[in-house]
Amino acid sequence: MSTSEDKAQAFRALHLGRPQDDPLVLPGPWDAASARAFAQAGFPALATPSAGVAAALGYEDGHTPADEMFAAVARIARAVDVPVSADVEGGYGLAPKELVERLLEAGAVGCNIEDSAAGVLKDPREHADYLAEFCAAAAGRLFLNARVDTFVHGDGDPGQAVERAARYIAAGAGCVYPIMAPVEALPVLRAGIEGPLNVLALLDADGPGPAALGGLGATRITFGPQLQRRATAAARDLAAALR
């Protein structure tokens, strides 16, 4: 595929027409080496976690300078042939057109944009306007996964999440991501949200795996920084053994 639009459309197609028990599983690489490991394992696409990349770069979550985040995404995208979507947090204060340009320069085919800042939910109308400008500037070259933060920074009302999701889908988002939505809320979210639904799988919890989450309505499964944290824990174990 020769153009950004071709790559984005191929990534979009991975989200469509999936059987209910076969969601799109996207591991979260934090550097080029982990990206190659996931791609070589056969995953058709990858989705970077901002917190995992931040940790790999030596920053706390939410404190990575924009230039360093885009440089990290570029290294990951260059290392693999599969599509890479990037978590760009709240957009780093960039205007929609500039954010689009930075993502395309980095080689990303999609991104996450969250609807909160400093732990406070953004006005959904204003955020939807921002997303609409982003999608217009992207012109089909980027697949937007709009994060909905009501379960981490709001009252956890599924109805509020559905309302926000509807605005973001109308603005042009191809997928919505109500991060940390509890399992029991998934049927309500699935019934109320049109289009693909991203769900966070919790690896250390005694909860449903990707296939079961798919059965509850998830179209796409991501893991946030959990894979990077497991790799770091393994490195600690190795260090302890070497001592």
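**Figure 1. Overall dimensions of the predicted chain.** For 243 residues, a compact globule would have a radius of gyration near 18 Å, and the chain agrees with this at 17 Å (taken over C-alpha atoms; the globule rule is 2.2 Å times the number of residues to the power 0.38). Along the principal axes, the C-alpha atoms fill a box of roughly 55 × 40 × 35 Å. This is a predicted model, in which local features need pLDDT of at least 70, side-chain atom pairs count only at pLDDT 80 or more, and totals for chains, interfaces and linings use all residues. Residues are numbered from 1 along each chain as its sequence is written, and side-chain values use heavy atoms, with hydrogens and water left out.

Figure 2. The chain has 11 helices and 10 strands (DSSP runs numbered from the N terminus: helices are H or I of at least four residues, strands E of at least two). An open sheet is formed by 5 strands in the order 2-3-4-7-8, with parallel pairing (two strands pair if DSSP finds at least two bridges between them). Strand 2 (46–47) and strand 8 (175–178) are at the edges with a single partner strand each, so one side of each has no neighbour in the sheet.

**Figure 3. Pairing of strand 2 with strand 3.** Strand 2 joins strand 3 (residues 84–87) through 2 bridges in the parallel sense. Leu46 has Val84 of strand 3 as its bridge partner.

Figure 4. Of the 243 residues in the chain, 47% are buried (under 20% relative accessible area, 1.4 Å probe, protein chains only). Among contacts with a separation of 6 or more, 65% join residues 24 or more positions apart (contact means heavy atoms within 4.5 Å).

Notes
Buried < 20%, exposed > 50% of the residue type's maximum accessible area, 1.4 Å probe, protein only.
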